[in-house]
Amino acid sequence: MCRKEYIINRIFNVTGDCKPKLHYMVNLASRLEQMRAYVDAGAYFAFNRARQYGKTTMLRALKEYLKGTYYVVSMDFQMQMSDAKFRSEYLFCTAFAKAFVRILQMQADGNKMPQKMQQAADLLKAAAFDHPQELDLVELFQYFSDICANADLPLVLIVDETDQAAGHPVFLDFLSQIRGYYIDRDQTPTFQSVILAGVYDIRNLKRRVRQQAILEAGGVEMHGDLLETGSRNSPWNISVDFKVDISFSPQDIAGMLEDYDKDYATGMDIVEMSDRIYAHTAGYPYLVSRLCKLIDEEVAGSRNFPQKKDAWTYAGFLEAVRIILREKNTLFESMINKLYDFPELRGIVYSILFTGKEWPYNALDPAVWTATMFGFVKNEDGVVAIANQIFEAVFYNWFLTTAENQKTDLYKAALRDKNQFVYAGHLNMELLLKKFVQHFDELYGDLPDQFKEEDGRRYFLLYLRPIINGTGNYYIEARTRNMERTDVIVDYCGEQMVIELKIWRGNAYRERGEAQLVEYLEHYHLKKGYMLSFNFNKKKEIGVKRIVFGDKVLIEAVV
């Protein structure tokens, strides 16, 4: 009887690891080659990346990549180790030993290990099952050493989701054993390579253990303690720096879209689409896959985009961005929770978004280090910048819709005004600026200049957001984010608008700003641009006027 073959249509995946037969994926070959170089060199290292960054996919692919050259025991603490298993040394050793032997034997198909290696593995298994109260870390690693000594291939140990172990002293002792055998590896057989993967930097585990002890004792959680850097005799100071970039480049995204287009023949401009996706995500794996999934499964087939070829366009892409910024997903929830958990983190994100002050990138700064570890920020020419436009929009939206901001008179005015700015799907930005100038002058005109200089852009975005919310998106042009100038790019129903926010420093400065805005309009292929100037001159003329530069029209508002 013939077995029926089923055809499985591949999809863009955002849950769990990616599998080549089921999902559209980027080509991992070059990254796997780089990771193998670490293993071949006998390196022990931590694979720390932010949430939903593709760690598990990479580790599973690496396991397959190393097969035939190494025995790879790849464990996942979320699967193999419940929280209770970390409560005592014997519980931990027993659970770890059982999982280790089972995984090793599964990879070796039970009968392919050399006899002495199999015997050593059987002894460990017997110790775990028959004498669980006697198996401690010292004995556990002696068994590991015996297995390595009798193996016909070197052993590689991979432990994913090490955050599960955070706060438990027994894991520190486990790392100390790894370190001891690593140092003595020229005398005592041990693992070829050990890879620990998670979000938190394993070198700071001692601080997390100390913090957990404070909490369990009924103490008050001290966030700053978690943010300190440096190892202070960390048992993981044997780790080499792991520098393999697993974010997606525009070329990676294009390769994935090429595979997709072979199946669906959408006729999309693959290079242009991959560049747009990268510009908004900076290659963050989850965000790339999520946008692609939204275009494929939600935008395509909707009223305005009935066919897939309609969805894989600039307008379809903007619709996907609009959807992702409105949804509640685990990544965005985790991001906002971190702002609550770490006040220092909230402070640095707010400063970057609203004050325009440059924050030097210093990895020894606890707030910068933590924000980088969580994937919120990046080093952009020595200055801290939000990691990507999607994250920036998520943070802006959260800050601007806090209960405190929603109580402001300006936010309430925007809600009252919002219906008068849109006609036939077109956003009347000129009228929006006129109303903003009116409200801002009435509400804040008598306040000190320092207030308007530091908070002016926040109040414009506070007024803008409820007006375009649900239909349009906005983001800040990265190249112009500073105290003197910020360019806000608004996408509304497929129409793009550039609004330059400037602090007025005299006529000559204004003229330079006008010239810069004209250049930007050329870049975005637009005929009309907008400028909002915060002018502290007592003789200023408040209002909105039109200025013509050749074939360009500038709408300039002054407050």
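Predicted model: local features only at pLDDT ≥ 70, side-chain atom pairs only at ≥ 80, totals over all residues.
F191 is a buried residue, with a relative accessible area of 4%.

**A pair of rings**
- F191 pairs with F144: their ring centres are 5.5 Å apart and their planes meet at 55°, so this pair counts as tilted.
- The two partners come from distant parts of the chain, 47 residues apart.
- F144 belongs to helix α6 (residues 137-149), while F191 sits in the loop between α7 (169-183) and β4 (193-198).
- Like F191, which is buried, F144 counts as buried, at 2% relative accessibility.

**Charges over rings**
- K338 lies over the face of F374, at 5.1 Å from the ring centre.
- R458 lies over the face of Y459, and here the distance to the ring centre is 4.7 Å.

**Helix α12**
- Helix α12 covers residues 285-299, which makes 15 residues.
- From its first C-alpha to its last, α12 reaches 20 Å, close to the 21 Å expected at 1.5 Å a residue.
- Is α12 mostly covered or mostly uncovered? It is mostly covered, with 13 of its 15 residues buried.
- After α12 comes G301, which has a positive phi, near 95°.

How values were computed. Residues numbered from 1 in each chain as written. Heavy atoms only, no water. Phe/Tyr/Trp six-rings, centres within 6.5 Å; stacked < 30°, edge-to-face > 60°. Helix = DSSP H or I, 4+ residues; strand = E, 2+ residues; numbered from the N terminus. Buried < 20%, exposed > 50% of the residue type's maximum accessible area, 1.4 Å probe, protein only. Lys NZ or Arg CZ within 6 Å of the ring centre and 35° of its normal. Expected span 1.5 Å × (residues − 1).
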